[in-house]
Amino acid sequence: MEGIFFYWFAWIGWAYSTFLMKAAPRRTVYSALLLILLITHGLVLDTGRLSIHCSFLILALSCYLWILRLPFKMVLYYVFCTFLIALSYNAMLLFSMYDPVWIVVQVKWLLAGALFVFSLMLIKDSHYRPLVLAGGFCVGEALYHLVIQKLTSGIELGSLNFLDVVTLSLALCFVSRGVQQFGHFLSAEAGKGKMIKRVSRVRAR
């Protein structure tokens with residue numbers, strides 16, 4: 001069912017940010033953004049041949065406004081990364097459309113997994129990786145429909161299928177960040193254990 005991953009992970013993320021995150025301005029932003037995306041997806045700006053879901057516009061604007069708050073060099077690099085992700089998104093979708101025989105995995109999972117791995121190579125800071133990835137998806141979706149506009153009767157930006165891909169990819173970002181933090185925690189605990197052993201040996205002497 002289209003949209004199941006979007007609704008599922010969005011509600012989980014909203015519950016986590018609202019009730020489990022530490023009180024901070026970031027928690028309020030995350031909770032409000034997720035709730036707005038869930039509410040506004042049903043609102044569509046329809047101009048006849050072009051339909052744009054309000055959640056698509058809010059997601060794209062939020063990502064780029066957040067990126068533009070960074071220092072100038074970081075803005076240039078992250079905007080460049082979003083266009084690389086957008087081009088990769090387009091290339092994979094066009095390949096799956098023109099030669100679907102070679103696609104052995106569902107396109108939704110392939111896009112989410114491949115572009116997540118690509119973002120790992122481009123962006124080292126795990127805090128900004130979801131923003132750049134989501135921004136790249138939005139640009140890629142717009143470019144893709146611009147390329148195939150002559151082959152379709154209508155253009156829909158921000159469909160549930162698109163939001164599923166974005167949600168799966170962002171979920172992989174947060175899972176990888178959690179695994180990384182858990183690894184740091186284990187290494188810190190191991191370091192503490194070694195330090196305690198050294199102190200006990202010194203005292204024993």
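How many aromatic pairs does the count come to? The count comes to 12 aromatic pairs, where rings of Phe, Tyr and Trp (its six-membered ring) pair if their centres lie within 6.5 Å, and where planes under 30 degrees apart count as stacked, over 60 as edge-to-face and the rest as tilted. The model is predicted, so that local features need pLDDT of at least 70 and side-chain atom pairs count only at pLDDT 80 or more, while totals for chains, interfaces and linings use all residues. Residues are numbered from 1 along each chain as its sequence is written, and side-chain values use heavy atoms, with hydrogens and water left out.

**Aromatic rings**

- A pair of aromatic rings is described by the distance of the centres and the angle of the planes.
- The rings of Phe6 and Tyr7 have centres 5.1 Å apart and planes at 55 degrees, so this pair is tilted.
- Within that pair, Phe6 is buried at a relative accessible area of 5%, whereas Tyr7 is partly exposed at 33%; buried means under 20% relative accessible area, exposed over 50%, and partly exposed in between (1.4 Å probe, protein chains only).
- Tyr77 and Tyr78 make another tilted pair, with 5.8 Å from centre to centre and 50 degrees between the planes; Tyr77 is partly exposed at 38% relative accessibility, and Tyr78 is buried at 7%.
- One aromatic cluster is formed by Phe5, Trp8, Phe9 and Trp109.

**Helix H4**

- Helix H4 covers residues 72–98, which is 27 residues; helices (H or I, at least four residues) and strands (E, at least two) are DSSP runs, numbered from the N terminus.
- From its first C-alpha to its last, H4 reaches 39 Å, close to the 39 Å expected, the expected span being 1.5 Å times one less than the number of residues.
- The buried residues of H4 include Val75, Tyr78, Cys81, Thr82 and Ile85, and also Ala86, Tyr89, Asn90, Leu93 and Ser96.

**Salt bridge and polar contacts**

- A search of the whole structure finds one salt bridge, defined as a side-chain nitrogen of Lys or Arg within 4 Å of a carboxyl oxygen of Asp or Glu, and the side chains that meet in a salt bridge, at 3.0 Å from N to O, are those of Asp164 and Lys108.
- Asp164 lies in helix H7 (residues 160–204) and Lys108 in helix H5 (residues 107–122), so the pair ties together parts that are 56 residues apart in sequence.
- Both Asp164 and Lys108 are buried, and for Asp164 the relative accessibility is 0%.
- The side chain of Asp164 also reaches the backbone nitrogen of Phe5, at 3.2 Å.
- His53, which lies in strand S2 (residues 50–53), is buried with a relative accessible area of 8%, and its side chain is joined to that of Glu156 by a polar contact of 2.8 Å.
- A polar contact is a pair of N or O atoms within 3.5 Å; within protein, one must be able to donate a hydrogen and the other to accept it, and residues adjacent in sequence count only if both atoms are side-chain atoms.

**Nonpolar surface patch**

- Leu45, Leu57, Leu61, Leu65 and Leu68 make a nonpolar surface patch of about 480 Å², and helix H3 (residues 54–68) contributes the largest share of this patch, four residues.
- Patches are made of residues with over 30% relative accessible area and no salt bridge, with like charges joined within 9 Å and nonpolar side chains (Val, Leu, Ile, Met, Phe, Trp, Tyr) within 5 Å, and accessible areas come from the Shrake-Rupley method with a 1.4 Å probe, where for residues only the protein chains shown count as cover.
- Leu61 has its place in helix H3 and is exposed, with a relative accessible area of 55%.
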